[in-house]
Amino acid sequence: MSTARQHALERTSSRDVTDWWSTAVSDIEPGIIRLRGYPIEQMIGQVSFPEMIWLMVRGDLPSAGQAQLLEHALVAAVDHGPQAPSIAAARMAATCGVELHGVISTGVGLLGDIHGGAGQQCMQLLEQIRTRSNACDLEEVIAQTIADHRATGRYIPGFGHRFHPRDPRRDPLLSAVHTQVEAGSIDGHYLQIAEELERQLAAGRARPVPMNIDGATAVIYAELGFAPELGRGLFILSRSVGILAHSWEEREGGRRIKGPIPPPLLPTYTGSPPRNVPDRTPVAHR
């Protein structure tokens, strides 16, 4: 061992070691479990699961109104059926003998920017609009935002739905947000932005473009003060419940190696027509 290495080891104290994974989240000792300072034995039966999520991520317990809004958002995004790629992939994995933890991770692993990312993207957009509207008229900022997206062929994240003409989760979620604005639990700035976006997107169209689950939960998470990346994390927590339920149902069904379409059907082939491999016999050299 080099002299410099030896001196470095000598200078390393036990405090250096314990500080290596220092944390403000949990305080664990023999016989003691404190989460953000609260003893776990006091929280059991007193703190709901949504409140516990808030506590662990944010550092303190939410108000009753904040906890209600968080719970509404988590409940609303739990599942969207086997046509959702994350659910379908998890169900297929379940039929391939993958253990339950691997099945769930298969589904969660598909929740990226395209499938599962619109909520985070909507939160980022709402924040951008709010920042810009501090110096400009909100309606003008939103009109320009929509124009910019249309000019580049981009969708406004959180609005419209490929399956539902009007997402059935929109109205109860936004109604809950309005209730908490009136109660003073939140200020309603992001709600105002989202509803103006919705109004302008519908202008001049035969069919409106209402908020979907991503937009409605983006409003809630933004109003509650979560960072956009945490908004996606919360969505993943919620959707994991649906992934678990579908995975277990498929596993209990007993079918093995279930592919994306029923066995009598085959994917449409679009390649070259049937052809023979040309003669590749090596030419003898004289």
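In which helix does glutamate 51 lie? The close-up views below, taken from a predicted model, begin with this residue.

**View 1. Glutamate 51 within helix α4.** Glutamate 51 belongs to helix α4, which spans residues 49-58. The residue is buried but forms no salt bridge. Arginine 58, the nearest side chain of opposite charge, is 13 Å away. Leaving aside residues up to four places away in sequence, glutamate 51 touches Gln46, Leu61, Pro62 and Ala67.

**View 2. The largest nonpolar core.** This core has 44 residues, of which Leu126, Phe159, Leu197 and Tyr221 touch the most other members. Two or more residues each are given to this core by α4, α5 (64-76), α8 (118-133), α9 (138-151), α10 (170-183), α11 (189-202), α12 (213-223) and α13 (228-253). Helix α12 supplies the largest share, seven residues.

**View 3. Contacts of leucine 126.** When residues up to four places away in sequence are not counted, leucine 126 touches Tyr190, Ile193, Ala194, Leu197, Ala218 and Val219.

**View 4. The buried and exposed sides of helix α7.** In helix α7 (residues 100-109), the buried residues are Gly102, Val103 and Gly107. Viewed down the axis of α7, these buried residues fall within an arc of 140°, and therefore line one face of the helix. Exposed residues His101 and Gly109 are carried on the face turned away from the buried side of α7. The cover over the buried residues of α7 includes α6 (85-94) and α13.

Key: Residues numbered from 1 in each chain as written. Predicted model: local features only at pLDDT ≥ 70, side-chain atom pairs only at ≥ 80, totals over all residues. Heavy atoms only, no water. Helix = DSSP H or I, 4+ residues; strand = E, 2+ residues; numbered from the N terminus. Buried < 20%, exposed > 50% of the residue type's maximum accessible area, 1.4 Å probe, protein only. Lys, Arg positive; Asp, Glu negative; His and termini not counted. Salt bridge = Lys/Arg side-chain N within 4 Å of Asp/Glu carboxyl O. Contact = heavy atoms within 4.5 Å. Core = buried A, V, L, I, M, F, W, Y, C linked by side-chain atoms within 4.5 Å. Arc of directions from axis to C-beta.
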